[in-house]
Amino acid sequence: MTGHEIRTLFLEFFERRGHRVVKSSPLLPANDPTLLFTNAGMNQFKDVFTGQETRDYNRAVTSQKCVRAGGKHNDLDEVGKTARHHTFFEMLGNFSFGNYFKEDAIRFAWDLLVGELKLDPERLWFSVFEGNERVPADEEAAELWQKAGAPASRILRFGAKDNFWQMGDTGPCGPCSEIHYFMGDDPAQNVAEFVNGPGDTIMEIWNLVFMQYERFADGSLTPLPAPSVDTGMGLERIACVVQDVTSNYETDLVKPIIEFTAGLCGKTYVYDSDHGVSMRVIADHARSTSFLIADGIFPGNEGRSYVLRKIMRRALWHGRLLGMETPFFSKVCNFVVDWMATAYPELGDARQTISRVVTTEEKLFASTLSNGLKRLDDLLEETGGDLPAGKDLARLYDTFGLRPDLIAYVLESKGLVYDDDAFKAGLEQLQSHAEGDAFKAAGKEVREVLKSLAGEGVSSEFRGYEEVESSGVRIVALIEGDARVASLGAGGSGEVVLDRTPFYAEAGGQVGDTGWLEGDGSRATVAGTRSGAPGLIVHSVTVDRGVLKVGDTLDARVDAEKRRRTRANHTATHLLHAALKEVLGLHVKQAGSLVAPDRLRFDFTHFAPLTADEIFEIERLVNEQILRNQPLDTQVQDLETAMASGAVALFGEKYGDRVRVVSVPGFSTELCGGTHVRATGDIGLFKIVSDASIASGVRRLEALTADGAFERYQQDEALLGALAQRFRTTPAELLAQIDQLNDRLRRAEREAESLRMKLASASAASSLDAAREIGGVKVLAQRVGDLDANGMRQLADQLAQKLRSGVVVLGLADDGKASLVVRVTDDLTGRLQAGKLVSEIAAVVGGKGGGKPDMAMAGGKEAEKLDAALEQSFVAVAAMLG
């Protein structure tokens, strides 16, 4: 049975038993600041388990794509070396939300494994919780396994480490029951001591979690009124069992990718070999890379983007170990798309994006690897041949992708001993900072005061689609700081929750509304609105007069002018998204946005700056839709129907079962909960004002609409007219006039530079007689002026030629800073090294530098000590000559 067939069998098995087949959520977690990547099947149901979200089903089954890398999953270097470590894997899971519990969960598991997959019960082991001082032993689960058909001798009991699960320090938790399988051939090893014991001859394949308690901050546990079930079984592991192989990498889910890689490098795959490890690394990392990019995560220098870059560069390095110097990884990723797109169609949709991002990263890696080796040479020069600090070596890996084994090889070739502990300590320091940014960027946890409100059933009805003013709304809660209060007085600031409101809460890139709340004798200014917890709309207010009290009835009034401009910008982002897809290609995906009253910002996947012609065509398409004054169509549909209709969903957004679909008929259809214009003509005008790169493969457009776009056109026209007048020409001839002036300026600059070099050469040449002889070596130390760094290097070369044999040191003081150049003639580099000399001389002016043995440069902040630094050059040469 193939891996794909096992996945299908699992989903259909539970679908026949009343479970809703739920599509895998993206690897970019939706609204969960605790995760770098989706790493378990239950992630998308977390709010359902905690009671913050409801679904129209209470049984679900999924095959969830998962990535575990970065953060607490820091065992990246084990991938490829062991039979079980992966960065990417699929998690099969069935879930009950207050529906069935232990009896059905255990019976379903037994029926699937023994009845459908035909696993030998004598190879299966079952573990249950043995109990502790807080929670009794789970004898119920043990009895249910026996009832299902398991022999009592194969039911084992373990402690909380192995058989008790909790979501966090507080929240749902409960005992779990693990299912293990004996993978070996020796019956003597099919014994209890190897379950959760040494080796992996007996391997865990499925975990059934029984959420039956609520844990509180003080550690106490209370039974849940509606216990739930969360199970997880790794597809690669169960495929390993069914296909009777000893390693997950030998299953047909991964082995074909390994064989494709072997074909690319022209080598035979041998499992127990260094080349075998490299092929497994590439296969695993190609899966992670392909799926992460398809889900809108791109390589970069922070957070989850940084982790992806590490994964990709590790694969590229292993490609080099296999002799693949030219780009190859995009080919492997393309094979992954072919192999997996049937189960995950989003891979096929993103094929072009994956290929371009990976190809770009491969080229960047080749460049950074070369730069990294050069930087390692520079480090060794700066330390005078001593071992560089661990953090400096770690930065070579972190920034340039130099693998530790390559760093160790270079150091050992120079007679130095590589310190792996120092390297790891430095790397941990660098990575903890970079990966931590992902969690900062993901958002904040819901505050306890808001969780409490939501738990009491407090909610806000949003009326903002129909109106910008709502009369007779009632205050249901007031918050000051992190505490609920009964009132807020004049001059006080806090948060207000209303039973219904026209104020839009910040979401989906659209800023929250501002406005006013007014009652009998009271008035408050709303500075912002946000969604504090599921179902809650929270207004941040300052009380201008009177007192706001819980239970008061008010009139809520949105700032209509700001809302008008925001609506125009939001609908314009939809038109822009559609136009980008039409002009640039279907690989374009939204990667972020900001919709504010004064502007819009749109981040999207693309690989090159937009040309003037592309910007022109995008603007033309959007403004064409505006001129059509097409009425928008808004419908509420179930998610599956909406997606089947071609509606665009955004990565990182979490959708319920019912979604709002906003369409500009014939041009754009998106899932969107934001506020929009009545018809496209209400946007008025659209103008792109900037295009920039914000990450590898991600660009950012900023644009204006309506009044802002018109004002920008007026400003541009005024500026163009003023420039034409200044240059005494017409707007049409302005570019030609500027080109002529630029040509004249460049010629004048070249002539001035040539004159400066002639003057500096003449001045310095006249000082050749001032060269001192130190230990038989001529040393010329000279101040120069009015030269840039390139000019100083050229002059040093000229003087070295005239000396024939010797050392030239040039110093320049400019704007309070000192610059130094040291040139050692080729015949002396065996005795004197320019890099070491310039480092010692630069220390006098409070600086440092480095370079090659024959030429080096440095800078310092203490220009007033330049003469002393030049004098130090004689001392440094003498010391080096001994």
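Which residue takes a positive phi in the hairpin of S8 and S9? The residue is Gly 219, with a phi near 90°, and the hairpin has 5 residues between its strands.

## Basis of the model

This is a predicted model, in which local features need pLDDT of at least 70 and side-chain atom pairs count only at pLDDT 80 or more, while totals for chains, interfaces and linings use all residues. Residues are numbered from 1 along each chain as its sequence is written, and side-chain values use heavy atoms, with hydrogens and water left out.

The average pLDDT of the chain (the predictor's confidence in each residue, from 0 to 100) is 89, and 95% of the residues score at least 70. Over residues 434–444, pLDDT stays under 50; for this stretch the model has 25 contacts beyond four places in sequence, contact meaning heavy atoms within 4.5 Å. Where pLDDT is low, the predicted coordinates should not be read in detail.

Helices (H or I, at least four residues) and strands (E, at least two) are DSSP runs, numbered from the N terminus. Two strands pair if DSSP finds at least two bridges between them. Strand S8 (residues 202–215) runs antiparallel to S9, and 8 bridges join them. Within S9, Pro 223 is the bridge partner of Tyr 213.

Strand S9 (residues 221–234) also pairs in the antiparallel sense with strand S3 (residues 88–96), over 4 bridges. Here the bridge partner of Phe 95 is Asp 230 in S9.

## Helix H6

Helix H6 (residues 235–242) is mostly covered, as 6 of its 8 residues are buried. Buried means under 20% relative accessible area, against over 50% for exposed and in between for partly exposed (1.4 Å probe, protein chains only). The buried residues of H6 include Leu 235, Ile 238 and Val 241, and also Glu 236. Just after H6, Asp 244 takes a positive phi of about 55°.

## Surroundings of Leu 517

Leu 517 lies in strand S16 (residues 515–519) and is buried, with a relative accessible area of 0%. Leaving aside neighbours within four places in sequence, the residues in contact with Leu 517 include Val 496, Phe 503, Arg 523, Val 541 and Leu 554. Ala 343 is 174 residues from Leu 517 along the chain, and the C-alpha atoms of the two are separated by 51 Å.

An open sheet of 4 strands has the order S21-S22-S27-S26, with antiparallel pairing. Its edge strands, each pairing on one side only, are S21 (590–595) and S26 (686–695). From one strand to the next, the twist averages 15°. Strand S22 (residues 600–605) and strand S27 (residues 698–705) run antiparallel and are joined by 6 bridges; Leu 600 stands opposite Ala 703 in S27. Helix H17 packs on the sheet, touching S21, S22, S26 and S27, and its direction makes about 25° with that of S22.

The axes of H17 (residues 560–584) and H18 (residues 612–628) come within 9 Å and cross at roughly 135°. Such axes are lines fitted to C-alpha atoms, for helices over the stretch in contact, and angles run from 0 to 180 degrees between N-to-C directions. H17 is therefore oblique to H18; angles under 35 degrees count as roughly parallel, over 145 as roughly antiparallel, 65 to 115 as roughly perpendicular and the rest as oblique. Among the residues that make the contact are Leu 576 and Leu 580 of H17 and Ile 618 and Leu 621 of H18.
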